[in-house]
Every structure is written in C-alpha cells, then in structure tokens.
Amino acid sequence: MANRRNEENGSLNAAGAAAGMLHQPVLSVLPSSGPTRGIALVLHGGKSRSREPVEARHLSPARMVPFARHLHRAGRKHGLSVWSLRNSVRGWNGEDMTPLQDARWALKQISTQHPDVPVFLVGHSMGGLTAVCAADHPQVAAVVALAPWLSPGTPVSAVAAKKVLIVHGTFDRWTSPSASLAFARRAAAGAASMQYVALKGAGHFMLRKIRLWHTLSTGFVLKAFNEAAGTGVALPRGFNQLLPESSVQVTL
C-alpha cells in the first residue's frame, strides 16, 4: 500500500486502500502538543447506498469538524491527537460496508504509527454504526455514537469490554432512537460500560442542544482517555452532573 502524507494540512490519503477501490479515504490529523498518548478517531455519516466520492464540502464530514476541534482543544496539551476520517464514498452499500472498510484502514494507520496508545471512536449517524462495528479493534477503548444508524440486526459483539456512550435526540426522524436504546440494552451485559442519553427535542443533525452534544462526547472521551492513559485532563464543566458514572439511562 502506497500512502502519501501532506505535512501542510496533516492529511493522509489511502492509495488503493482496498483492491479495486475507485475512490480513497482520507485522514486529517490534529496532532497533540507533545507525545501522542491517545487518539480520537472521528467518523461521519452518509447514505444507505451511494458510490459517489465524499468531498470535504459535504455536510456529513463538515458536521463533525466542530466535534474534532472541540476534542482537540480540550485534550491536545495532554497528548490527545484527533484524527478525522473522510470516507471513500458516501454509502454504506449493503454487505460491502464501505465505511467500515475505511475505518479499519484508518485504524491500521493508527496502529502502525502509534501501536501502544488507546483509541476512542466518535461517530455520527452512519459513522455511529461504523464506530460500533469497528470497536473490536484491540486499541479501541471507548465509543461515542451520536444519533447512530442502528437496527435490530446490528451485532453487539464488537463493543464487548468497551466503554460506550450513545446519545440520541428524541425528535430524530432519520435514525431511530428506539433502535439505539434497544441496542444499548442488548449490548450492556458485554460492554465495559454502557450509557444512553436521550436529548429531549433534539433532531438528527445535532443543531439543537449543540453544547450538550459537544459536552457529552468530549467529556466521555476525555474521561476514558484519563482512565486508559493515566492523564489528568479536566472534563468539561458540568459533565459529571449531566452524566453521572452510575447512570445507565439519562434524559436531558
């Protein structure tokens, strides 16, 4: 596999990440200030079926840029690097599960460059499904799934022994809050921890209650980072009150 690094914008392109792929996934890296002690991998949404290439201007990847920056600002001085994956194409594409292939490629890049650091997956919509399915990578310590595209057929095995947070708006009409809650209940027994947050009145695109979306996702990642890497990053103000450690299901 031939990879090309662009030092100016911190991106990494996959040249032929999978045999026969017409389009390529792209990684953008917000580096830590010092040695990398943990990596958050941010995964965006998409469509059920599409072979159209993902562009940076598309709303799905653009929507996750503020989440990546929020995480980076909070954790970079303590060794947290934030990698954002732009998928090769826009669709899940049935059994091809193209975004999952892309995520596994991204995790391979991480494990090659940083084989000993914990990884935290943060995904929205289809990216939430991708995160749940890619969580079986040995370096993944925690998963944040935001308005994930889950179903009764989504396997729970990949999140076994992982810390998981699922956040879903009650007004979501694109993906199913009830399916997310059902998944959380099915997966709870095998996960290291499982917490589900229902955001009252929030929809799929995370426009309402945006501060809560950010606080919950960043706080959960930083808490898992502290536990996995022994760091002492301050959590976002109010996080522990919003999501007490003992809470399994919360409505905000």
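Q: What does E245 form a salt bridge with?
A: E245 forms a salt bridge with K223, and the closest N and O atoms are 3.6 Å apart. A salt bridge here is a side-chain nitrogen of Lys or Arg within 4 Å of a carboxyl oxygen of Asp or Glu. E245 lies in the loop between α6 (239–242) and β10 (249–251) and K223 in helix α5, so the pair ties together parts that are 22 residues apart in sequence. Helices (H or I, at least four residues) and strands (E, at least two) are DSSP runs, numbered from the N terminus.

Q: What sort of numbers are these, by the way?
A: This is a predicted model: local features need pLDDT of at least 70, side-chain atom pairs count only at pLDDT 80 or more, and totals for chains, interfaces and linings use all residues. Residues are numbered from 1 along each chain as its sequence is written, and side-chain values use heavy atoms, with hydrogens and water left out.

Q: Okay, back to that pair. Is K223 buried or exposed?
A: K223 is buried, with a relative accessible area of 18%, while E245 is exposed at 63%. The cut-offs are under 20% relative accessible area for buried and over 50% for exposed, with partly exposed in between (1.4 Å probe, protein chains only).

Q: How many salt bridges does the count come to?
A: Five, by this rule. One of them joins the side chains of E227 and K163 (3.3 Å, N to O). That pair links distant parts of the chain, with E227 in helix α5 and K163 in strand β8, 64 residues apart. E227 is partly exposed, with a relative accessible area of 44%, and K163 is partly exposed too, at 28%.

Q: And what does R51 meet in a salt bridge?
A: The side chain of D96, at 2.4 Å, N to O. R51 lies in the loop between β4 (38–43) and α1 (59–75), and D96 in the loop between β5 (80–86) and α2 (98–113), so this pair ties together parts that are 45 residues apart in sequence. D96 is partly exposed, with a relative accessible area of 37%.

Q: Now the strands. How many residues of β8 are buried?
A: Six of the seven residues of β8 (residues 163–169) are buried, so the strand is largely enclosed by the rest of the structure.

Q: Which strands does β8 pair with?
A: Strand β7 (residues 140–146) pairs with β8 in the parallel sense over five bridges, and β8 pairs with strand β9 (residues 193–199), also in the parallel sense, over seven bridges. Two strands pair if DSSP finds at least two bridges between them. On the β9 side, V167 is partnered by V197.

Q: What does the chain make between β8 and β9?
A: β8, helix α4 (residues 177–187) and β9 make a right-handed β-α-β unit. Right-handed means that, with the strands pointing away from the viewer, the path from the first strand over the helix to the second runs clockwise.

Q: And how many bridges join β6 to β7?
A: Six, and those strands run parallel. The chain crosses from β6 through α3 to β7, and this crossover is right-handed. Helix α3 (residues 126–134) is mostly covered, with nine of its nine residues buried. What covers them includes β4, α2, β6 (119–124), β7 and α4.

Q: Last one: which way do the residues of β4 point?
A: G38, A40 and V42 point one way and I39, L41 and L43 the other way, and all are buried. β4 pairs in the parallel sense with β5 over six bridges, and five bridges join β4 to β6, which run parallel. L41 stands opposite W83 in β5 and opposite L121 in β6. β4, α1 and β5 make a right-handed β-α-β unit.

Terms used:
Contact means heavy atoms within 4.5 Å.
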